[in-house]
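Visitor: I would like to learn how to read the features of a model like this one. Please start with the sheet.

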Amino acid sequence: MDLSPDGIRLICTTLIISNYVFETYLDLRQYLRLKDQRQTGISPVVKKYLEQHRRKKPEDSDELKDENTTEENKEKTTTDDNETHKKTLSYNIASKKLGFITGAIDVVQELLIFRFNFLYLMWEFSSNVILSQWLGVSNAKDYEITISILVTILGYLFGLLFSVPTSLYRTFVLEEEFGFNKSTLKLWVTDLIKSTMLGAVIGLPILSLMIYIIKNYAGPHMHIYVWASLFFLSIFMIAIYPDYIATLFNKFNPLPDGELKDKIEDLARKVEFPLKGIYVMDGSTRSAHSNAYFTGFFGLKRIVLFDTIEKQMTTDEIVAILAHEIGHWRYNHITKSLVIEQIYSFLMWYMVNTFIHSPVVYQAYGFKNQRPALVGITAIMTLYSPVNQLISFSRNWLSRKHEYEADFYASSTLNKKDLAPALVAIHRENLSDMDPDPLYSTLKYSHPTLLERLRAIETATKSQ
Ligand SMILES: [Zn+2]
């Protein structure tokens, strides 16, 4: 490489700033769209779909049986729609405002770290002060893995200074204001401690292994060794996640016998879904947001329902949501995504192996004679960030394609009428924006918007 350290610094700074400007531009578009919608009110298209897929909760249909109150009810639901719409917009606007602040904090933090050679300072501090002075290690510089672990821990603690205030604000002010937060300060702190410990127990050994491979197996095939080790570790993590990691944060109880269980089991039998069990997760201890998913990579699968979902949907709607999840299984979406992720990962490590031995990369970060692998990876990741951005857009595109396929499976193959109202219900309850800025949603959404999904379902069921 012919670049000078200053050239690399300039490229990195430009990349950090232009990435921030682009992200902020997208956010601003969406923010203005939300503001605009708040002025103009609910759009006729959204209104049409909301009316068409009015949720049919048991208590609602009882009310509707009474002929005399039908008109009154219709008026009531229209005001309801308007109220929900207003609340949705206010929630999303408040969320975006907070996003502007966290985005600015992040970019300033990133630029400061870069400008003041923060990585180098932390490296020197870990090596000369912590290891040499405090722990009395004589040849501290030789312990690259230990120093890398210390630098990672210091960097994490430094990041907490910025992320804790905004995270507290998000949970206890923003989410609280809109009735989503069910967490307590005690639970929040325990969660933070648990996730930090978990990150340390899993992340630090992986980091050590990577540095070990980079240092001891440097050569034309180094990226293959790193990639292969990470691949087996990720399979291992997916395998142990449901039993050993998810259970650290939530309780999973088997779904009690009843109509819902019978219907889910019927559905699984009908499509030969290898169902191992249905569990209810205590999502409501933290948040009123709702969801459903299945876990299990090979062989038998478990279905997990958030306890909040049962209060927000009818039995048939929940079954429709699960039919969608089963669609993901039927079309092998999880395996497909995994294969693609592995291709990305391989390419990234190939990039790392190409540049990790250039001294100029380390000089740009303030290192004159040393070439710590951790610093090399950090530098190359920053240089690689535009590619990463493109990968993230294409990842979202693929994910949306999978969502359409799963919706198609659920609404045309299995369940003709319940998916649309179920989606409406889940969006209403989660105050999700139904009709966002097109460029924003195209680049950033992993799921199609509600309007797009309803339209696709309409076409799928019509063509039946
Ligand atoms: Zn899905």
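Guide: The four strands form an open sheet in the order 1-2-4-3, with mixed pairing. Strands (E, at least two residues) and helices (H or I, at least four) are DSSP runs numbered from the N terminus, and two strands pair if DSSP finds at least two bridges between them. Strand 1 and strand 3 (292-295) stand at the edges with a single partner strand each, so one side of each has no neighbour in the sheet. On average, neighbouring strands are turned by 35 degrees against each other, direction ignored; the axes are lines fitted to C-alpha atoms, and angles between N-to-C directions run from 0 to 180 degrees.

Visitor: What kind of model is this, and how are residues numbered?

Guide: This is a predicted model: local features need pLDDT of at least 70, side-chain atom pairs count only at pLDDT 80 or more, and totals for chains, interfaces and linings use all residues. Residues are numbered from 1 along each chain as its sequence is written.

Visitor: In which sense does strand 2 pair with strand 1, parallel or antiparallel?

Guide: In a regular strand the side chains alternate between the two faces of the sheet. Here strand 1 (residues 252-254) pairs with strand 2 (residues 275-281) in the antiparallel sense, over three bridges. Phe252 stands opposite Met281, and Pro254 stands opposite Tyr279.

Visitor: And in which sense does strand 2 pair with strand 4?

Guide: Strand 4 (residues 301-306) pairs with strand 2 in the parallel sense over six bridges. Leu275 faces Lys301 of strand 4 in that pairing.

Visitor: How far apart should the end C-alpha atoms of helix 1 be?

Guide: The expected span is 1.5 Å times one less than the number of residues. Helix 1 (residues 5-40) has 36 residues and should therefore span 52 Å; its end C-alpha atoms are 53 Å apart, which agrees. Just after helix 1, Gly41 takes a positive phi of about 80 degrees.

Visitor: Which residues of helix 1 are buried?

Guide: An α-helix has 3.6 residues a turn, so residues three or four places apart point the same way. In helix 1, the buried residues are Ile8, Gln30, Tyr31, Arg33, Leu34 and Gln37. Buried means that 20 or more other C-beta atoms, placed from the backbone, lie within 10 Å of the residue's own.

Visitor: What are the overall figures for the chain?

Guide: The chain has 17 helices and four strands, and buried residues make up 24% of its 464 residues. Its C-alpha trace spans about 85 × 50 × 45 Å along the principal axes.

Key. A residue is buried if 20 or more other C-beta atoms lie within 10 Å of its own, exposed if 12 or fewer, and partly exposed in between; C-beta atoms are placed from the backbone.
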